[in-house]
Amino acid sequence: MDITFSAEELAFRDQVREFLAENWTEDLARRIRGEDEEFKAAQIEWQNKLNDKGWLAPGWPVEHGGVAWSVTENFIFETERSLAGAPDVVPFGLKMVAPVIYGFGNDEQKKRFLPRILKSQDWWCQGYSEPGAGSDLAALKTKAELDGDDYIVNGAKVWTTYAQYADWIFCLVRTDSSGKRQDGISFLLIDMKSPGITVNKISSIDDHHSLNEVVFDNVRVPVANRIGEQDKGWTYAKALLAHERTSIAAVADSKRRLRDLRKLLSEEISGGRPLLEDVQFQNRLSNTEIELMALEYTELRVLASTADGKGPGVESSLLKIKGTEIQQAIQQMYMDLAGYYSGVLHGDETAESIGHAFGHDARKAYMYGRAATIYGGSNEVQKNITAKYVLGL
Ligand SMILES: Cc1cc2nc3c(=O)[nH]c(=O)nc-3n(C[C@H](O)[C@H](O)[C@H](O)COP(=O)(O)OP(=O)(O)OC[C@H]3O[C@@H](n4cnc5c(N)ncnc54)[C@H](O)[C@@H]3O)c2cc1C
């Protein structure tokens with residue numbers, strides 16, 4: 001793996017910078033931080049700008065509209081995107097269900113769904129977890145029973161991120177209960193407008209609405225919307241999870257957060273000196289930067305093997321554990337830097353006038369950030385996977 005930049009790669013970096021300077025505007029950044037429909041519209045606008053440039057889908061096969069970037073080009077793009085403060089794409093369509101569709105779907109499904117995902121015409125959500133089936137996902141009970149050319153789906157999914165915006169949900173459902181639990185699961189694509197679907201809001205600790213419960217009451221789903229074979233959904237689901245965990249590491253975003261933190265620490269005076277000169281802060285900052293650098297190289301190794309056609313394997317569990325631990329360490333430092341002002345809640349009418357502008361953002365990020373070691377498969381479970389499959393214990 002060679003990541004020294006060639007002249008072509010440096011030229012590519014300039015191209016990315018130019019694109020970001022033109023397209024990642026302050027107005028778009030403000031709207032994407034908004035709530036509800038404003039956020040959704042701005043996110044779609046941003047994804048469409050990337051798609052118009054042909055840069056929306058690295059990793060997708062080129063014949064389906066993907067970008068054949070090398071590992072280094074991908075690294076350059078992610079680093080520059082993040083340093084500019086631009087968001088990642090919403091992963092459920094582009095990074096999760098799309099690889100399952102182009103990897104295991106039939107031609108009809110590829111033609112029907114992939115172009116709409118690229119144009120952000122369909123917003124997707126992920127229906128894996130259920131009350132009683134999270135870490136132990138194979139315990140899922142949402143049932144799909146065959147009735148002519150349809151399945152009839154009954155049950156409930158929970159913690160479904162952005163289901164309130166979604167046009168489609170990809171779901172793991174139980175189609176057989178007779179044998180080994182993993183052998184009776186199928187992978188269905190379900191239109192959220194189908195009669196019998198109810199979305200119930202769940203408020204999270206950061207006072208934000210991203211989570212939902214999705215209830216299915218006799219929902220008809222055409223058999224044509226099943227990916228691959230009936231009862232083989234577990235295989236497709238596992239492939240998707242490896243992609244999900246690799247993205248959750250969010251290395252480039254942690255780099256930007258650390259860069260911004262350094263700047264804030266140098267501006268914040270405590271006892272007559274910048275906080276950056278505080279030995280304890282220096283230690284914490286340096287340790288986190290070193291860990292992040294090590295993680296970055298691990299991620300590049302995983303991406304290099306993905307480029308060789310192997311796909312992210314169990315190493316993605318390592319990336320997930322370390323990446324989320326680093327995110328939480330950074331969030332903790334922002335909270336400590338903001339001190340009392342991290343107690344000012346976003347949405348409080350006086351928030352802008354009390355203390356540091358970054359105080360309430362620090363608090364929101366910290367609150368929501370507790371979830372990072374839980375979603376995408378909890379870190380405890382990722383440690384079990386690492387022990388078994390990476391270390392062979
Ligand atoms: C913010 C957020 C967004 C989410 N978005 C989605 C989404 O869009 N779609 C979706 O399908 N799901 C989503 N999830 C659900 C997520 O995948 C589950 O929360 C996760 O898999 C853990 O399952 P659980 O919550 O049922 O906890 P449990 O599985 O009940 O675990 C509880 C605790 O026990 C520990 N534990 C469990 N089993 C073991 C074991 N074998 N060894 C050691 N420790 C163990 C866990 O680490 C955890 O600390 C989201 C969750 C969050 C928090």
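Helix axes here are lines fitted to C-alpha atoms over the stretch in contact, and angles run from 0 to 180 degrees between N-to-C directions. Helices are DSSP runs (H or I, at least four residues), numbered from the N terminus. This is a predicted model, in which local features need pLDDT of at least 70 and side-chain atom pairs count only at pLDDT 80 or more, while totals for chains, interfaces and linings use all residues. Residues are numbered from 1 along each chain as its sequence is written, and side-chain values use heavy atoms, with hydrogens and water left out.

**View A. Helix H1 against helix H4.** H1 (residues 7–23) packs on H4 (residues 71–83) at about 30 degrees, and their axes sit 10 Å apart. H1 brings Glu-9, Phe-12, Arg-13, Val-16, Arg-17 and Leu-20 to the contact, and H4 answers with Thr-72, Glu-73, Ile-76, Phe-77, Glu-80 and Arg-81; contact means heavy atoms within 4.5 Å. Sorted by class, that's six charged, five nonpolar and one polar. Ala, Val, Leu, Ile, Met, Phe, Trp, Tyr, Cys and Pro count as nonpolar, Asp, Glu, Lys and Arg as charged, and the others, Gly among them, as polar.

**View B. Helix H10 against helix H11.** Here H10 (residues 315–338) and H11 (residues 358–369) meet at about 145 degrees, with axes 9 Å apart. Their crossing is left-handed. Among the residues in contact are Tyr-334 and Met-335 of H10 and Phe-358 and Arg-363 of H11. The tally for this contact is eight nonpolar, five polar and one charged.

View C. The ligand has 19 residues around it, with Ser-129, Ser-135, Trp-159, Ser-378 and Glu-380 the closest; to be near, a residue needs a heavy atom within 4 Å. Helix H12 (residues 379–390) gives the largest share of the shell, three residues.

View D. Look for N or O pairs within 3.5 Å. A ligand oxygen is 2.6 Å from a side-chain N or O atom of Ser-378.

How values were computed. Helix = DSSP H or I, 4+ residues; strand = E, 2+ residues; numbered from the N terminus. Left-handed = near helix turned anticlockwise from the far one by under 90°. Polar contact = N/O pair within 3.5 Å; in protein donor to acceptor, adjacent residues only side chain to side chain.
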